[in-house]
Amino acid sequence: MRNRTATDQQGTVLSRAMRPVNHLVEKFIPSALVFAIVLTFIVAVLALALTGSSPVLIIKSWGDGLAGLLAFMTQMALVLLLGYILANTRPVRRLLGFLGGIPRSPIQAYLFVFLVAAVASLITWGLGLVVGALLAKEVAAQGRERGMKLHFPMLVACGFAGFVVWHMGYSGSGPLTAATPDSFIAEELGAPLPISETTFSSWNMIAAVITIAVVALALFLIAPRQSDKIVELTRDAREAGVVVEEEVLTPADRVDASRLPTLLLGIMLVAYLVIHFAQGGSLTLDIVNWSFLALILLLVRHPFELVALTKDAASNVGEILLQFPLYAGILGIMQGSGLIVLVSNAFVAISTPQTFGVLAFLSAGVVNFFVPSGGGQFAVQAPIMLTAAEQLGVDPSVPIMAVAYGDQWTNMIQPFWALPLLAIAGLKMRDILGYTTIVLIASGLVFAATLVIVSL
């Protein structure tokens, strides 16, 4: 790309206005892990001050709670891991290469990258994050070959913008947790909440379509035109993907290089999924993960390739694994000290059945800055919101989706989930934040309006 100093005065009015915010975000916002540590002590102090609990009780509740989300942590890690692997399989990379040649104008390119990333995010959030970055690079490279002037930061912003609907889709951790028997919110729910009442409810699906349409319109309006100074990608950024060059020397190597093991296991897993649904089984986090694993097993060429893809994807999972025990400990403090009841009662005091959904959504958007993992945030916030909803007589699907909407909403200006995408694209958060802030505003209007209508 061109020298950074040459681009200081480029971009839209909003992107220039957001530069001071970009500077503050990059300079002063610590890592998500530090946020989790700080939040642990904040909750502990609040429990001491507001509930009268002893330090011994709080520390014990925290320690006992650390292991409370181990199953959920594994499920979340698998969603991300399998999404990364799936996005980097050869058939998917070839598909992205084909898709990269479809747009014929800059506006088409920006909107096309957003729409594909949104669809991928609705399938699984791990896939959406990677596809957004890879497709932006592919479109930029093929556009450059055809002499098309494309604003690369805008392309990457469009790829990340697709992530704004992930929690409304197939891998939404909140709705899937609510549908999973014996989940950590089973006590608050009383019985599993079918996915048909959350993700696949008519109002959520309509909201997802409207959100995509409204965000696409917003991106169309702010996209740099030919009269603007364009920050182009001046090199071919396409990558060949994970290279598998294992030597086949022994009979064991020939087995590892054979298509048969992964193919047979993939077919067996597909058969299990067919039996599961044929016998009336429901969609849960586990079933979502097994469906993606089955697809991966059918797409990879051999175990060698699957191992290489897994090693490449594993580095993106480590930070999540470290954070989830801290979220579980926070939940342990809130439950053990009774702080969760105090917070839910306070929320009830300022809410009505009609305003509860919007207030829950706004609070979730704020909490997302401190707990950027959708699964981690759901673990901390869902029990509070479900308890408050029960007191107000609000259908549990409303707090479930309100927390989901709030999480995906402020992801647009929270750098945590943008980091993997930006690393792939070779950009910084300040390069895209001016554009994603518009996405935040446009999507927030749809989410709030949806929850107001559903609560009437």
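I count rings of Phe, Tyr and Trp (its six-membered ring) as a pair if their centres lie within 6.5 Å; planes under 30 degrees apart are stacked, over 60 edge-to-face, and the rest tilted. This is a predicted model, so I take local features only at pLDDT of at least 70 and side-chain atom pairs only at pLDDT 80 or more, while totals for chains, interfaces and linings use all residues. I number residues from 1 along each chain as its sequence is written, and side-chain values use heavy atoms, with hydrogens and water left out.

**Ring pairs.** I get 9 aromatic pairs by this rule. I looked up Phe184 and Phe378 and found their ring centres 6.2 Å apart and their planes at 70°, so the pair is edge-to-face. Helices here are DSSP runs (H or I, at least four residues), numbered from the N terminus. Phe184 sits in the loop between helix 10 (173–179) and helix 11 (186–189), and Phe378 in helix 20, so the pair ties together parts 194 residues apart in sequence. I call a residue buried under 20% relative accessible area, exposed over 50% and partly exposed in between (1.4 Å probe, protein chains only). Phe184 is buried at 18%. Phe378 is buried at 0%.

Next I checked Phe361 and Phe447. Their ring centres are 6.1 Å apart and the planes stand at 75°, so this pair is edge-to-face. Phe361 is in helix 19 (residues 356–370) and Phe447 in helix 23 (residues 429–455), 86 residues apart. Phe361 is buried at 1%, and Phe447 is buried at 0%.

I also noted a cluster: ring pairs link Trp125, Phe160, Phe163 and Trp166.

**Thr177.** I placed Thr177 in helix 10. Thr177 is buried, at 2% relative accessible area. Contact means heavy atoms within 4.5 Å. Leaving aside neighbours within four places in sequence, Thr177 touches Phe72, Ser183, Phe184, Ile185, Leu285 and Phe378. I also looked up Leu193, 16 residues from Thr177 along the chain: the C-alpha atoms are separated by 8.8 Å.

**Helix crossing.** I fitted axes as lines to C-alpha atoms over the stretch in contact, with angles from 0 to 180 degrees between N-to-C directions. The axes of helix 18 (residues 339–349) and helix 20 (residues 374–392) come within 9 Å and cross at roughly 50°. That makes helix 18 oblique to helix 20 (under 35 degrees is roughly parallel, over 145 roughly antiparallel, 65 to 115 roughly perpendicular, the rest oblique). Helix 18 contributes Ile340, Val343, Ser344, Asn345, Phe347 and Val348 to the contact.

Note on methods:
Helices (H or I, at least four residues) and strands (E, at least two) are DSSP runs, numbered from the N terminus.
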